[in-house]
Amino acid sequence: MMLTLAAFLLALGLLIAVHEFGHYRMAVACGVKVLRFSIGFGRPLIRWQPKGSSTEFVVGAFPLGGYVKMLDQREAPVADAERHLAFNFQPLRSRVAIVAAGPLANLLLAALLYTLVNWSGVQQPAAVLASPEAGSVAARAGLIGGERVARGGFVGAEPRDLQSFEELRWLLTRGALEKQDVRLLLTPTGSRSDEVLLRLSELDASEANLELFHKIGVVGPFTRPVIGPVMAGAAADRAGLREGDLVRQVGSTPVLDGQQLRQVIRASVAPGGAASAVWKISRGTTELELTVKPDQQQEGGVLIGRIGAYVGAMPELVLVRYGVADGLWQGLVRSWDVSLLTLRMMGKMLVGEASLKNLSGPLTIADYAGKSAGMGLTQYLLFLALISVSLGVLNLLPLPVLDGGHLMYYLWEGITGKPVSDAWMERLQQGGVAVLLVMMSIAIFNDINRLFG
């Protein structure tokens with residue numbers, strides 16, 4: 001709990017500080033007088049003003065946000081001698097640059113974080129496929145499990161090298177949500193390289209969740225069907241299974257990998273109780289046959305089988321690391337791809353083509369912050385990069401009260417030569433607040449369902 005809270009507050013503080021710093025530095029560069037730089041709202045907890053600076057720096061009690069207060073005649077009278085320092089007297093190009101600098105700072109931070117991870121390297125599962133679920137896109141394409149993916153890309157585009165399963169999963173996620181077919185080039189077998197076409201454009205993909213990957217048929221990387229730690233008194237323990245057992249066959253079904261074994265266990269339900277089966281296993285140099293009867297449990301309103309043991313060995317790991325130039329380029333590309341996907345998803349939610357369940361609020365973000373921090377620095381940096389992209393893109397949306405709303409006003413001013421009237425601005429601001437409140441309510445509702453539903 002403490003780790004989750006600390007990771008969440010650190011993430012909030014960093015991302016808000018970077019966003020507001022973008023506004024602040026651009027304002028200073030444009031010759032605008034900055035009166036206050038605040039991280040958080042409400043009663044100041046910390047405040048200081050550097051010697052010779054006109055800016056007061058503040059940390060507020062309520063951390064969800066921040067602001068940069070500039071000299072502006074619309075908020076308070078400005079002396080004639082300081083008119084050139086006021087925001088509202090700046091040329092249009094300067095005001096646009098100051099407003100856009102906050103979201104752009106978040107996008108640049110994301111690119112930097114992705115680049116740092118690329119340079120330092122990260123251990124990730126190799127791009128080796130597990131057994132696909134029956135009827136999935138992967139199964140219909142002829143995949144059986146155990147294939148090693150070397151390259152992949154959208155149909156019509158040049159495929160690129162895939163160093164890890166995470167890169168493969170990101171490609172498949174984009175393909176499904178953007179309704180684009182994906183071409184996979186497998187490691188050569190025999191004298192040629194196999195090519196597989198995944199028809200993701202046919203999927204009804206409205207939400208990026210586990211169900212989507214079940215439809216695709218690529219849920220996780222290949223793992224050997226080995227039994228891990230066994231819970232005392234659970235079905236595996238009662239049947240005599242032990243940690244390290246290698247499962248060869250369940251009933252008449254040969255077992256190829258951990259993913260397939262998990263599917264067999266989950267499907268072992270029958271009226272009146274779970275169906276028992278004879279498992280053929282290897283324990284060291286000994287071959288055994290054990291009768292296993294999984295327990296039945298409810299999961300999401302569906303009855304599934306459980307044995308009370310970890311199923312599947314650790315996947316094969318590869319070190320994904322890039323050189324200086326490649327790492328920087330891949331960091332920029334990843335930030336661009338995530339930004340475009342975020343925008344597309346928001347657009348699809350707006351027209352009803354994507355589920356509003358994709359919206360996440362502070363509870364989900366805090367949960368992911370704690371989980372990623374618990375997995376190590378690299379995963380936490382990747383989490384920060386993702387949230388920084390989301391914050392940057394969200395603030396560029398043309399909604400009043402957001403930076404994108406102000407840019408919308410300036411676009412109108414640039415086209416007509418006149419600023420938006422005070423009356424219209426007030427109406428638009430009220431509408432923007434209403435939209436944001438609705439979005440936040442949906443996001444918090446989704447958070448509660450995810451975490452406590």
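Predicted model: local features only at pLDDT ≥ 70, side-chain atom pairs only at ≥ 80, totals over all residues.

Biologist: Which residues form the nonpolar patch on the surface?

Modeller: They are Leu 112, Leu 116, Trp 119, Val 324, Leu 328, Trp 329 and Leu 332, with about 690 Å² of accessible area together. Both α2 (92-120) and α8 supply at least two residues of the patch.

Biologist: Why is Leu 116 called partly exposed?

Modeller: Leu 116, in helix α2, has a relative accessible area of 37%. Buried means under 20% and exposed means over 50%, so at 37% Leu 116 is partly exposed.

Biologist: And why is Asp 422 called exposed?

Modeller: Its relative accessible area is 67%. The cut-off for exposed is over 50%, therefore Asp 422 counts as exposed. You will find Asp 422 in helix α12 (residues 422-452).

Biologist: Now the second largest pocket, please: what is the make-up of its lining by class?

Modeller: The lining has 12 nonpolar residues, one polar residue and no charged ones. Met and Leu count as nonpolar, as does Val; Met 346, Leu 350, Leu 397, Val 435 and Met 439 are the lining residues that lie nearest the pocket's centre.

Biologist: Which helices each supply at least two residues of that lining?

Modeller: α8 (324-351) and α12 do, and the largest share, five residues, comes from α8. The volume of this pocket is about 340 Å³.

Note on methods. Residues numbered from 1 in each chain as written. Heavy atoms only, no water. Helix = DSSP H or I, 4+ residues; strand = E, 2+ residues; numbered from the N terminus. Buried < 20%, exposed > 50% of the residue type's maximum accessible area, 1.4 Å probe, protein only. 1 Å grid on protein atoms, 1.4 Å probe; cavity = no way out; pocket = protein on both sides within 12 Å on 5 of 7 lines; lining within 4 Å. Points joined across faces, edges and corners; volume = space filled by probe spheres on them. Patch = residues over 30% accessible without salt bridge, like charges linked within 9 Å, V, L, I, M, F, W, Y side chains within 5 Å. Areas by Shrake-Rupley, 256 points an atom, 1.4 Å probe, with all protein chains shown as cover. Salt bridge = Lys/Arg side-chain N within 4 Å of Asp/Glu carboxyl O.
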